[in-house]
Amino acid sequence: MLPFILLSSSLIFLFAYRLYGKFLSNRCGLDDSRETPAKSQEDGVDYSPTRASVLFGHHFSSIAGAGPIVGPILAATYFGWGPTWIWILVGAIFVGGVHDFGSAFMSLRNQGRSIADVMKGLVGERAGKLFLIFVLFALVYVIIVFLDLTANTFTKQPAVATASGWFILVAVVFGLLLRSGRFSLSQLAWIFFPLTFLGLGIGHYFPMISLSKDTWIGITLAYCFCAAVLPVGILLQPRDFLSAGFLYAILALGAVGMLTAGESLQLPAFIAWESEKLGMLVPFLFITVACGACSGFHSIVASGTTSKQIRQESDTRRVTYGSMLLEGVLAVFALACVAVLTVGERESGGTPVAIFATGASKFFAALGIPAKIGVEFAMLAISTFLLTTLDTCTRLTRFLIEELFSWRNQASRYLGTVGALLLPALLVFQSFPGPDGQLMPVWKAIWPLFGATNQLLAAFALLTFVVFLKVRGTAFGFALWPAILMIIMPMIALVWMAFTNGLNSLIGGTSVAMIILGCYLTLVSWKAVRSDH
């Protein structure tokens with residue numbers, strides 16, 4: 001059954017790319033004769049025309065990482081692998097793929113501006129600024145989360161710190177050699193992919209010296225600043241191109257191992273309509289799977305770093321829609337990793353990432369890879385994406401600050417990055433009393449809201465795409481129903497959280513604020529759709 005699930009999913013995604021991807025390209029009118037922002041505004045720092053294969057690695061690494069692993073594992077554990085699998089397939093093809101493609105396409109046709117700035121031009125100044133501020137706070141929150149997680153990981157797993165440092169060094173050398181023009185991409189790939197994987201062994205045998213969590217936070221903040229101001233061709237592009245190799249390797253080894261392992265499903269196809277920990281299957285299945293089917297964060301990446309590097313419009317389909325479908329394959333593989341474990345193995349695994357690594361190691365074992373090494377490989381590979389998410393978010397936050405204040409010059413490149421990191425640097429050290437009165441990191445206090453907020457962001461991006469298509473005179477039904485779905489699900493979840501946590505609580509009060517913002521932006525967007533102008 002497991003090989004059937006993965007192979008059939010891969011074939012479905014392949015046909016979707018060929019057929020529905022072609023439909024999206026034709027319906028939106030991708031035109032290679034139009035100059036993209038990467039060419040018209042090329043500056044060698046943020047705007048840089050990039051070959052599709054390299055840009056695919058950046059985009060895929062930025063939107064993937066742990067997201068499509070954690071969500072499907074949690075959803076399958078609480079609701080069963082059946083509904084989770086169906087939503088991954090349907091969501092990635094018809095919702096998430098459309099969302100990512102549309103976000104990048106709108107940015108391409110608007111000088112590489114962010115999704116929030118595009119909304120400002122389409123729906124109105126007030127709505128656009130509210131959306132932009134909402135996205136800014138969402139990114140600041142993500143930076144705080146990953147600052148804390150990265151520092152914790154490096155403190156507790158010094159091997160990961162060494163591997164990450166090696167990885168950065170290899171990526172910079174790779175980027176510099178590629179920019180020199182003396183070597184082709186394929187020549188360098190044959191050398192630097194093995195060097196990248198060598199970092200896992202170096203981390204294992206030469207772990208970093210023990211440092212405090214606060215020290216790691218300071219080091220990571222300094223890294224984020226440097227990475228966000230460097231030209232994309234020196235670190236961001238080469239690092240993400242190489243880091244995507246980790247996920248490719250996990251998928252390839254896991255798929256082959258799954259075909260030969262003979263493992264059976266240990267998880268029921270359907271568990272219950274309601275989970276004590278999450279709530280009802282509708283809407284929380286859609287909220288929990290998140291990146292495996294659709295994620296609002298993707299719209300920020302697609303209209304942020306990615307759109308500024310697309311060298312011709314036809315690459316949009318491959319880079320954005322193709323990345324979302326490959327992320328769907330990764331989500332299905334994560335689903336198989338949890339489904340193959342017994343209840344005891346799932347409970348002993350603890351975190352979703354550990355569960356994924358344990359399940360993946362079973363498939364790797366069929367290829368002769370010892371279980372311990374298989375677990376370490378999966379854990380280290382995923383952990384290296386912490387820094388990828390961090391510095392990409394820092395650069396994206398700087399873009400939004402520049403747009404908010406209409407401020408883009410040499411000074412904004414550095415001062416905007418300082419501004420992007422200032423609030424996270426202050427809040428990451430703060431604690432907040434949780435529901436039980438115990439102090440916890442500030443991000444954990446509002447973590448339950450993150451899933452719904454992320455999906456609400458996706459709804460706003462899809463609504464903007466609908467308005468964009470309407471203004472261009474393009475039939476928009478294919479984007480409208482995903483937008484409606486993504487509005488309904490997070491709004492139901494926010495209402496549920498507001499009432500269950502109490503309106504006077506931090507989560508309850510924030511939920512109400514999100515509901516009001518969601519209603520307002522939905523109404524003004526719908527008004528723009530109904531308008532004759």
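Is Arg408 buried, exposed or partly exposed? Arg408 is partly exposed, with a relative accessible area of 40%. On this scale, buried means under 20% relative accessible area, exposed means over 50%, and partly exposed lies in between (1.4 Å probe, protein chains only).

This is a predicted model: local features need pLDDT of at least 70, side-chain atom pairs count only at pLDDT 80 or more, and totals for chains, interfaces and linings use all residues. Residues are numbered from 1 along each chain as its sequence is written, and side-chain values use heavy atoms, with hydrogens and water left out.

1. **Arg408 and Asp46.** Side chains of opposite charge can pair when their charged atoms come close. Arg408 forms a salt bridge with Asp46, and their closest N and O atoms are 3.0 Å apart. A salt bridge here is a side-chain nitrogen of Lys or Arg within 4 Å of a carboxyl oxygen of Asp or Glu. Arg408 sits in the loop between helix 18 (385–404) and helix 19, and Asp46 in the loop between helix 2 and helix 3, so the pair ties together parts that are 362 residues apart in sequence. Helices are DSSP runs (H or I, at least four residues), numbered from the N terminus. Asp46 counts as buried, at 3% relative accessibility.

2. **A pair inside helix 18.** Glu402 and Arg398 also meet through their side chains in a salt bridge (3.6 Å, N to O). The two are four residues apart in helix 18, so about one helical turn separates them. Glu402 is buried at 5% relative accessibility. Arg398 is buried too, at 0%. Salt bridges that share partners link Asp43, Asp46, Arg395, Arg398, Glu402 and Arg408 into one network.

3. **Arg34 and Glu313.** The whole structure holds 15 salt bridges. One of them joins Arg34 to Glu313, with the closest N and O atoms 3.7 Å apart. Arg34 lies in the loop between helix 1 (2–28) and helix 2 (37–40), and Glu313 in the loop between helix 13 (297–306) and helix 14 (315–339), so this pair ties together parts that are 279 residues apart in sequence.

4. **A nonpolar patch.** Which residues make the nonpolar surface patch of about 480 Å²? They are Ile133, Phe137, Leu422, Leu423 and Leu426. Patches are built from residues with over 30% relative accessible area and no salt bridge; like charges are joined within 9 Å, and nonpolar side chains (Val, Leu, Ile, Met, Phe, Trp, Tyr) within 5 Å. Areas come from the Shrake-Rupley method with a 1.4 Å probe, and for residues only the protein chains shown count as cover. Helix 7 (125–156) and helix 19 (410–427) are the elements that give two or more residues to the patch. Helix 19 gives the most, with three residues. Leu423 lies in helix 19. Leu423 is partly exposed, with a relative accessible area of 34%.

5. **Two crossing helices.** Two packed helices are described by the angle between their axes and the distance between the axes. The axes of helix 3 (residues 52–63) and helix 11 (residues 236–261) come within 7 Å and cross at roughly 70°. Axes are lines fitted to C-alpha atoms, for helices over the stretch in contact, and angles run from 0 to 180 degrees between N-to-C directions. Helix 3 and helix 11 are therefore roughly perpendicular. Angles of 65 to 115 degrees get that label; under 35 is roughly parallel, over 145 roughly antiparallel, and the rest oblique. The crossing of helix 3 and helix 11 is left-handed, meaning that the near helix is turned anticlockwise from the far one by less than a right angle.6. **Backbone points to check.** Most residues other than glycine have a negative phi, and most peptide bonds are trans. The peptide bond from Val282 to Pro283 is cis, with omega near 20°. Pro283 lies in helix 12 (residues 281–289). Ala290 has a positive phi, near 50°. Ala290 is placed in the loop between helix 12 and helix 13, and is buried at 13% relative accessible area. Ser406 is not a glycine, yet has a positive phi of about 50°. Ser406 is found in the loop between helix 18 and helix 19, and counts as exposed at 68% relative accessibility.
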